[in-house]
Amino acid sequence: MQKNTFKQSQQQGYVRIIAGLWRGRRLPVLSLNGLRPTGDRVKETLFNWLMPYIVDAHCLDCFAGSGSLGFEALSRQAKQVTFVELDKKVAMQLQKNIQTLKCSLEQAKVINQNSLQFLKSIQNTPHFDIVFVDPPFHLGLAQQTIDLLEKHHWLKPNALIYVETEKNQPITVPTHWQILKEKITGQVCYRLYCYYTTSN
């Protein structure tokens with residue numbers, strides 16, 4: 001009986017796409033412990049910030065979870081989104097939602113891997129214009145992600161990095177990351193940085 005209840009609860013959640021090609025569309029997500037989709041209020045603010053930059057951008061959704069940020073980016077005509085998600089069942093649901101939206105392989109792909117391990121791959125050529133860093137809280141993952149993005153050269157010149165953490169969680173960014181926006185809503189602090197290369 002417990003197993004049946006658990007299976008039913010897995011399909012109870014959804015995320016809503018706010019604007020763009022799939023405005024108002026709801027996508028199912030698994031209701032699992034630790035899965036914390038970015039709220040609509042925060043997401044709307046973030047994509048207002050990103051509005052001048054999102055079209056044709058290559059995006060990375062670290063700790064993708066529900067895929068709320070990545071799917072919103074695709075709806076607003078980002079060129080490509082890479083979703084990185086550790087949990088196999090959650091990654092499979094992301095793939096199903098990609099198929100539901102009829103996204104091509106060039107538009108969206110899911111990597112079922114630990115985000116930190118993924119970011120440890122050394123890059124010869126920067127890949128991403130926009131990176132979403134929205135990890136589980138209270139594990140220090142945001143700081144580790146920032147460090148790896150910088151160390152292994154994932155960011156294109158003038159890339160934008162969104163970082164969402166619990167309120168009052170200190171993070172340290174490289175000196176050439178300039179904070180563009182910062183806001184606190186409830187217990188969540190969210191920030192948008194720009195990665196300026198030393199040649200700029």
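Predicted model: local features only at pLDDT ≥ 70, side-chain atom pairs only at ≥ 80, totals over all residues.
His153 sits in the loop between helix 6 (141–151) and strand 7, and although His153 is not a glycine, its phi is positive, at about 60°. When I speak of helices and strands, I mean DSSP runs numbered from the N terminus, with H or I over at least four residues for helices and E over at least two for strands.

Residues are numbered from 1 along each chain as its sequence is written, and side-chain values use heavy atoms, with hydrogens and water left out.

Now to the chain as a whole. The chain holds 6 helices and 9 strands. Its radius of gyration is 16 Å, close to the 16 Å that the globule rule gives for 200 residues, so the chain is as compact as a globular protein of that length; the radius is taken over C-alpha atoms, and the rule is 2.2 Å times the number of residues to the power 0.38. Along the principal axes, the C-alpha atoms fill a box of roughly 60 × 35 × 30 Å, and buried residues account for 49% of the 200 residues. If we take contacts, meaning heavy atoms within 4.5 Å, between residues at least 6 apart in sequence, then 64% of them join residues at least 24 apart.

Let me turn to strand 9, which covers residues 188–195 and is mostly covered, with 8 of its 8 residues buried. Which way do its side chains point? Val188, Tyr190, Leu192 and Cys194 point one way, whereas Cys189, Arg191, Tyr193 and Tyr195 point the other way, and all are buried. In a regular strand the side chains alternate between the two faces of the sheet.

Strand 9 also has partners, and here two strands pair if DSSP finds at least two bridges between them. With strand 7 (residues 155–166), strand 9 runs antiparallel and is joined by 7 bridges, and in this pairing Tyr162 has Leu192 as its bridge partner. With strand 8 (residues 177–185), the pairing is again antiparallel, over 8 bridges, and Lys183 stands opposite Tyr190. The hairpin of strand 8 and strand 9 has 2 residues between the strands, and there Gly186 takes a positive phi near 65°.

In the loop between strand 7 and strand 8 we find Asn168, which is not a glycine and yet has a positive phi of about 70°. Is Asn168 buried or exposed? At 69% relative accessibility, Asn168 counts as exposed.

Helix 3 has 8 of its 8 residues buried, so helix 3 is largely enclosed by the rest of the structure. After helix 3 comes Gln77, whose phi is positive, near 75°.

Strand 3 (residues 58–62) has 4 of its 5 residues buried, so strand 3 is also largely enclosed by the rest of the structure. Strand 3 runs parallel to strand 4 (residues 80–85), to which 4 bridges join it, and His58 has Gln80 in strand 4 as its bridge partner.

Finally, I would like to look at the loop between strand 4 and helix 4 (88–100), where Leu86 lies. At 55% relative accessibility, Leu86 counts as exposed, and, leaving aside residues up to four places away in sequence, Leu86 touches Asn112, Gln113 and Asn114. Ile111, which belongs to strand 5 (residues 108–112), touches Thr82, Phe83, Val84, Glu85 and Phe118 when residues up to four places away in sequence are again not counted.

Definitions and conventions. Buried < 20%, exposed > 50% of the residue type's maximum accessible area, 1.4 Å probe, protein only.
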